[in-house]
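Morning, everyone. I have one chain to walk you through. Have a look at it on the screen before I start.

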Amino acid sequence: MIDYIEHTGIAAKDPAALAQWYRDVLGMRLLRQTGPSTYFLGYERGACLEIYAACSDAPQTADNYVRGVTHLALYVQDFAAAYQALLEKGVQSAAEPVIRPDLKLALLRDPEGNLFHITATRESFRNKVRREV
């Protein structure tokens, strides 16, 4: 049936500017561009991100627990270094970081207000789930 998540999408006010931000600030690569305002970005591993033109605005919320898709999660190996580098690049924090022995997580915002977080765990969630299944 279904094998994996291929991509997720973000409808953007300015797709070109947001795609460039994901490249410059988060280090994503442009995988392909389809049409004048649709960009597929990603890393060497994992699903990719589609950024395309929005037709309308949705209300912004800082609540990570509202119904619907709320964030993009990015795994980092060195949490402290990645978090500091993002703050130095002007990325806005959306909440205090969670620091526990088993989890480090920081909720942040892209320039259009979309939530994303960086996370570091003792073991990636994907690898743990694969072993348990």
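A contact here means heavy atoms within 4.5 Å. On that basis, take the contacts between residues at least 6 apart in sequence: 50% of them join residues at least 24 apart.

Some ground rules. This is a predicted model, where local features need pLDDT of at least 70, side-chain atom pairs count only at pLDDT 80 or more, and totals for chains, interfaces and linings use all residues. Residues are numbered from 1 along each chain as its sequence is written, and side-chain values use heavy atoms, with hydrogens and water left out.

Now the layout. The chain has three helices and nine strands. Helices are DSSP runs of H or I with at least four residues, strands are runs of E with at least two, and both are numbered from the N terminus. The order is β-α-β-β-β-β-α-β-β-β-β-α.

Next, the surface. The chain exposes about 9,200 Å², and carbon and sulfur atoms supply 52% of that. Those areas come from the Shrake-Rupley method with a 1.4 Å probe; for residues, only the protein chains shown count as cover. Of the 133 residues, 33% are buried. Buried means under 20% relative accessible area, exposed means over 50%, and partly exposed is in between (1.4 Å probe, protein chains only).

On to the strands. Two strands pair if DSSP finds at least two bridges between them. Which strand pairs with strand 1 in the parallel sense? Strand 4, residues 48–53, pairs with strand 1, residues 7–12, over six bridges. There, His7 stands opposite Cys48. Strand 4 also pairs with strand 3, residues 39–42, antiparallel this time, over three bridges. Phe40 has Glu50 as its bridge partner in strand 4. The hairpin of strands 3 and 4 has five residues between the strands, and Gly46 there takes a positive phi near 90°.

Phe40 has another neighbour. Arg32 lies over the face of its ring, at 4.1 Å from the ring centre. The test is NZ of Lys or CZ of Arg within 6 Å of the ring centre and within 35 degrees of the ring normal.

Last, the aromatics. The structure holds three aromatic pairs. Rings of Phe, Tyr and Trp (its six-membered ring) pair if their centres lie within 6.5 Å; planes under 30 degrees apart are stacked, over 60 edge-to-face, the rest tilted. Trp21 and Tyr22 sit edge-to-face, 5.1 Å centre to centre, with 80° between the planes. Trp21 and Phe116 are edge-to-face too, at 6.0 Å and 70°. That pair links helix 1 to strand 9, 95 residues apart. Both Trp21 and Phe116 are buried.
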